[in-house]
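Okay, thanks everyone, I'll keep this short. Let me put the structure up and we'll walk through it together.

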Amino acid sequence: MLMSAFGGLMWLLYTAMLVLAVVAFVMAALAREDAYRAAGKKTKPFWLVILGIAVAVNLLLPMLFLQLAGLVASIVFFVDVRPALRQVGGGGPGRRGGGSSSDGPYGPYNGRR
């Protein structure tokens, strides 16, 4: 009984790591290449290779150590690279546009009106 629950938990963990790596790979692929340079991050091909390896390891080599290395790469992408890409305007789809630099927290700043 305990081994069955442990096996189910490990399968869930492996699946979550795979999904996270695939989502990070897709987001890295959708961002513009010049946004990586503007944000001062590594190049787009670098991140595509790293995250592609993470996806491949999760699919082909179910070894926890390698999968954890891919998890770290995915987390670094989500926590450090993606926010920097979105800040320079190259975050890919899902980015809400329409704002300006003079917008306040409740809408546009209208001066002394």
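So, to start: does Trp 47 count as buried or exposed? Trp 47 counts as buried, at 8% relative accessibility. By buried I mean under 20% relative accessible area, with exposed being over 50% and partly exposed in between, using a 1.4 Å probe and protein chains only.

A word on what you're looking at. This is a predicted model, so local features need pLDDT of at least 70 and side-chain atom pairs count only at pLDDT 80 or more, while totals for chains, interfaces and linings use all residues. Residues are numbered from 1 along each chain as its sequence is written, and side-chain values use heavy atoms, with hydrogens and water left out.

On confidence: pLDDT is the predictor's confidence in each residue, from 0 to 100. The protein chain averages 83, and 76% of its residues reach 70 or more. Helix 3 (residues 44-60) has the highest confidence, at 94, and strand 1 (residues 103-104) the lowest, at a mean of 61.

Now the layout. The protein chain has four helices and two strands, running α-α-α-α-β-β from the N terminus on. Those are DSSP runs numbered from the N terminus: helices are H or I with at least four residues, strands are E with at least two. Of the 113 residues in the protein chain, 22% are buried.

Back to the rings. We call two rings of Phe, Tyr or Trp (its six-membered ring) a pair if their centres lie within 6.5 Å; planes under 30 degrees apart are stacked, over 60 edge-to-face, and the rest tilted. That rule gives three aromatic pairs. One of them is Phe 46 with Trp 47, edge-to-face, with 5.5 Å centre to centre and 85° between the planes. Phe 46, Trp 47, Phe 77 and Phe 78 form one aromatic cluster.

The charged end of Lys 42 sits over the Phe 46 ring, 5.6 Å from its centre. For that call, NZ of Lys or CZ of Arg has to be within 6 Å of the ring centre and within 35 degrees of the ring normal.

Last stop, Ser 74. You'll find Ser 74 in helix 4 (residues 64-88), and it's buried, with a relative accessible area of 1%. What does Ser 74 touch, not counting residues up to four places away in sequence? Leu 20, Ala 21, Ala 24 and Leu 51, where contact means heavy atoms within 4.5 Å.
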